[in-house]
Amino acid sequence: MTAHWLAERTKCFDASGIRKVFDLGSKLANPINLSIGQPDFDVPEDARRAAIDAIEGGKNGYSLTQGIAPLRAKLQDRVDVAYGHPDRELFVTSGTSGGLMLAILTLVNPGDEVIVFDPFFVMYGALAGVAGAKVVCVDTYPDFRVDPEKVADAITPRTKMILFNCPTNPTGAVADEADVRALAELAADRNVVLVSDEIYRDFCYDGPFVSLAQFNPQTIVIDGFSKSHGMPGWRLGFAHGPSAIIEEMIKLQQYSFVCAPHPFQWAAVAAMDLDNREHIDAYRRKRDLVVEGLAGRYELVAPRGAFYAFPKTPWGTGAEFVEKAITEHQLLIIPGGVFSHRDTHFRIAYAAPDAVIQRGIEVLRAMA
Ligand code: PMP
């Protein structure tokens with residue numbers, strides 16, 4: 001009889017869609033797992049060694065709230081070279097998720113509107129809801145292009161924030177430079193906060209990554225090491241933007257996360273010197289495997305980044321198609337309705353060994 005204890009904010013989102021897939025999957029002996037949004041490569045050895053050294057060297061207390069100085073300095077150097085903004089401060093967060101939560105709680109008031117692009121990363125709707133915001137979706141079907149004109153139409157006097165993610169989870173879309181620039185300029189023009197989730201920035205297969213921050217110096221960038229360095233369990237991210245905003249985010253971190261995991265911050269210093277191009281090249285080939293494997297059988301916008309593909313179901317809703325894939329073929333994928341107001345597609349995460357991807361493609365070809 002404790003249900004009435006729950007705060008209203010727990011009712012503004014629902015995690016059952018993904019949980020259902022994981023529950024069904026946990027009963028399978030030999031699943032073909034293309035459901036997990038994390039790299040299939042491990043943390044590089046030098047970074048693992050640096051983590052062990054940090055733990056054995058007693059770096060197990062709290063760190064400074066904003067992160068250890070060597071990591072901040074190294075990240076700040078990169079950011080300064082990339083953007084050259086006179087006012088761009090940086091701090092270390094507990095994962096990209098931690099940075100997103102701090103940004104939203106620092107900037108969004110109850111009743112504000114937050115624009116997201118549908119389909120979107122599941123956490124965005126939940127976090128905006130927790131802050132009491134109204135989530136306004138800008139539809140990007142069928143090509144998953146972020147159209148600045150549609151965004152302009154969605155802006156109202158209550159719009160506080162545009163939450164943008166590129167390369168995109170769940171579609172693998174990468175916005176064109178012209179659209180990124182137009183979105184950046186629109187936000188500046190209409191005085192709307194831009195938050196840019198750049199966690200997949202290294203995973204661009206067909207051209208260089210372009211950031212909103214290149215065109216709008218007020219952009220708040222949220223980034224992290226989970227995907228680029230194969231360390232999602234180490235909970236390391238960073239955020240940078242105008243110092244007046246970043247200072248407030250640090251203040252909130254002090255009273256919530258306290259600091260990012262201390263020994264792993266030392267490992268991240270080492271990880272930043274390591275080259276992950278080999279992994280990116282491997283993932284480009286995996287992307288090609290998926291695109292070629294589904295060609296002719298599925299409607300698929302060829303992904304240009306991250307490690308996801310988002311094909312249209314050949315029959316049934318996303319939920320119906322995925323249920324059959326799991327129960328009859330042991331193939332774990334995620335229904336599009338988890339990420340979207342439509343349930344017409346499904347997400348493949350191809351951060352998996354080639355043999356698993358091949359098995360998945362065979363099943364999908366047969367199911368179509
Ligand atoms: N943003 C996006 C778009 C993601 O896909 C993820 C992870 N799936 C995150 C943020 C969270 O990453 P982290 O592990 O750094 O919290």
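**Exercise 1.** Determine the handedness of the crossing of α3 and α9 in this predicted model, and describe the contact between them.

*Solution.* The crossing of α3 and α9 is left-handed, a term used if the near helix is turned anticlockwise from the far one by less than a right angle, whereas right-handed stands for clockwise. Next, take the axes, which are lines fitted to C-alpha atoms over the stretch in contact, with angles running from 0 to 180 degrees between N-to-C directions: those of helix α3 (residues 69-83) and helix α9 (residues 262-271) come within 9 Å and cross at roughly 35 degrees. Helices here are DSSP runs (H or I, at least four residues), numbered from the N terminus. Finally, the contact (heavy atoms within 4.5 Å) joins Pro 70, Leu 71 and Lys 74 of α3 to Gln 265, Trp 266, Ala 268 and Val 269 of α9.

Residues are numbered from 1 along each chain as its sequence is written, and side-chain values use heavy atoms, with hydrogens and water left out. In this predicted model, local features need pLDDT of at least 70 and side-chain atom pairs count only at pLDDT 80 or more, while totals for chains, interfaces and linings use all residues.

**Exercise 2.** Find which side chains make polar contacts (pairs of N or O atoms within 3.5 Å) with the ligand.

*Solution.* Begin with Ser 97, where a side-chain N or O atom is 2.5 Å from an oxygen atom of the ligand. Then turn to Ser 226, with a polar side-chain atom 2.7 Å from a ligand oxygen atom, and to Lys 227, with a polar side-chain atom 2.8 Å from a ligand nitrogen atom.

How values were computed:
Helix = DSSP H or I, 4+ residues; strand = E, 2+ residues; numbered from the N terminus. Polar contact = N/O pair within 3.5 Å; in protein donor to acceptor, adjacent residues only side chain to side chain.
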